[in-house]
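Here is a short report on one protein chain. Keep the sequence and the 3D view side by side as you read.

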Amino acid sequence: MFRRFVKPSFLFCTALLSVILFNGCAAESSVAAPESAAVTQFQPEPKGATIDIQPNSPADTVRAFYQRLREKRFREAIFLTNLRPAIEGLTDTELREFQVDLESIASSVPAELQINGEIISGETATVTANIPDDETGKPAVQQIRLRQQNGVWVILTVDEAAEQIIKKEGKNYFYQLRIETHEDEARSMLERISKAQIASLATKGAFADIQTLVDAKFLPADIRSSESTGYNYAIKIADDKKRYSATATPAEYGKSGRLSFVFDSDGRHIPKIVSKDNGGQPLKQ
């Protein structure tokens with residue numbers, strides 16, 4: 001559900017927010033607030049709301065979550081979800097390691113979130129809100145599920161099976177999620193390099209290096225940096241420029257990724273990508 005806020009170009013934020021942005025949130029006002037603390041102080045309805053939002057209601061919890069996310073109060077925002085066990089053990093220094101990903105998510109939150117429905121059934125609830133679709137950019141109605149827990153409403157960002165894993169792994173959950181997402185993106189980026197090289201061969205008659213492919217808009221600019229991708233990419237072109245190989249190597253082994261990737265091609269077919277845990281070293285074809 002969170003994926004609709006996230007640009008398709010990357011990453012941990014895609015998985016994290018498909019874990020955060022659209023499913024749920026627990027009710028707590030700050031890191032130091034007790035379990036029974038109110039979600040927010042009651043304020044006049046924002047322009048985006050089309051229903052009467054009561055203090056500490058499911059809709060109020062959803063509103064508080066997105067507001068804190070937009071304000072980059074990430075710990076407080078995630079505390080309002082059933083992802084809380086994955087973040088409450090993180091120190092401020094550890095949390096800053098996810099700053100780039102979280103800020104990317106925050107920038108996708110609209111200034112005014114239109115909440116237009118709330119249905120409460122016992123200890124469960126569903127809130128509907130208009131959230132921009134990542135493909136069309138137009139608002140689309142999304143359902144956000146919540147559960148009442150210890151007297152407060154919690155946004156359900158993951159299902160029960162994943163919730164049990166999060167409780168077991170604690171803060172390691174985010175680290176593993178980031179690694180898996182970076183590895184998936186690395187494979188996708190190598191496939192994108194292959195397509196970019198086919199385009200380069202068709203238009204220029206030769207394969208090209210990364211900068212040339214970026215300048216031609218065949219590849220995204222962030223491929224040149226590991227800051228958002230977690231991987232270092234390299235392209236090696238044969239002297240005749242009719243053959244090339246490409247690698248993707250974790251920028252920080254065990255932290256941004258574990259698998260190294262490689263493929264080569266003579267331009268006649270989409271190559272098979274090979275991956276292996278190589279201790280953080282580039283793979284050779």
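A salt bridge is counted when a side-chain nitrogen of Lys or Arg lies within 4 Å of a carboxyl oxygen of Asp or Glu. The side chains of lysine 255 and glutamate 97 form such a bridge, at 3.6 Å from N to O. Keep in mind that this model is predicted.

## Salt bridges

Where do the two partners sit? Lysine 255 is in the loop between β6 and β7, and glutamate 97 is in the loop between α5 and α6. The pair links distant parts of the chain, 158 residues apart. Lysine 255 is partly exposed, at 32% relative accessibility. Glutamate 97 is partly exposed too, with a relative accessible area of 29%.

Glutamate 97 has another partner. Arginine 178 forms a salt bridge with glutamate 97, and their closest N and O atoms are 3.7 Å apart. Arginine 178 belongs to helix α8, while glutamate 97 is in the loop between α5 (92-96) and α6, so this pair ties together parts that are 81 residues apart in sequence. Is arginine 178 buried or exposed? Its relative accessibility is 7%, so arginine 178 counts as buried. The cut-off for buried is under 20%.

These contacts belong to a network. Glu97, Arg178, Glu252 and Lys255 are linked in it by salt bridges.

A further salt bridge joins glutamate 88 and arginine 84, at 3.0 Å from N to O. Glutamate 88 is partly exposed, with a relative accessible area of 44%. Arginine 84 is at 16% and counts as buried. The total for the model is 11 salt bridges. The table lists three of them.

| Arginine 84 | Glutamate 88 | 3.0 Å |

Now turn to the strands. Strands of a sheet pair through backbone hydrogen bonds, either parallel or antiparallel. Which order do the strands of this sheet take? Four strands form an open sheet in the order β5-β6-β7-β8, with antiparallel pairing. β5 (231-237) and β8 (274-277) stand at the edges. Each has a single partner strand, so one side of each is left without a neighbour in the sheet. From one strand to the next, the twist averages 15 degrees.

Start with β5 and β6. They run antiparallel and are joined by seven bridges. β5 and β6 form a hairpin, with six residues between them. In that turn, lysine 241 has a positive phi of about 60 degrees.

β7 (residues 259-265) pairs with β8 in the antiparallel sense over four bridges. Phenylalanine 261 stands opposite serine 275 in β8.

A helix lies across the sheet strands. Helix α8 (residues 172-204) lies across β5, β6 (244-250), β7 and β8. It runs at about 25 degrees to β5. Recall that α8 also holds arginine 178.

Which residues of helix α6 (residues 99-106) are buried? They are Asp101, Leu102, Ile105 and Ala106. These four cover an arc of only 140 degrees around the axis, which puts them on the same side of α6.

## Two loop residues with positive phi

Most residues other than glycine have a negative phi, and most peptide bonds are trans. Lysine 72 is not a glycine, yet has a positive phi of about 65 degrees. Lysine 72 is in the loop between α2 (58-70) and α3 (74-78). At 45% relative accessibility, lysine 72 is partly exposed.

Asparagine 150 also has a positive phi, near 55 degrees. Look for asparagine 150 in the loop between β3 (139-149) and β4 (152-155). Asparagine 150 is at 61% relative accessibility and counts as exposed.

## The whole chain

Step back. The chain has 10 helices and eight strands. Of its 285 residues, 49% are buried. The chain exposes about 14,100 Å², and carbon and sulfur atoms supply 48% of that area. Take the contacts between residues at least 6 apart in sequence: 56% of them join residues at least 24 apart.

Key. Residues are numbered from 1 along each chain as its sequence is written. This is a predicted model: local features need pLDDT of at least 70, side-chain atom pairs count only at pLDDT 80 or more; totals for chains, interfaces and linings use all residues. Side-chain values use heavy atoms; hydrogens and water are left out. Two strands pair if DSSP finds at least two bridges between them. Axes are lines fitted to C-alpha atoms, for helices over the stretch in contact, and angles run from 0 to 180 degrees between N-to-C directions. Contact means heavy atoms within 4.5 Å. Buried means under 20% relative accessible area, exposed over 50%, partly exposed in between (1.4 Å probe, protein chains only). The arc is that of the directions from the helix axis to the C-beta atoms. Accessible areas come from the Shrake-Rupley method with a 1.4 Å probe; for residues, only the protein chains shown count as cover.
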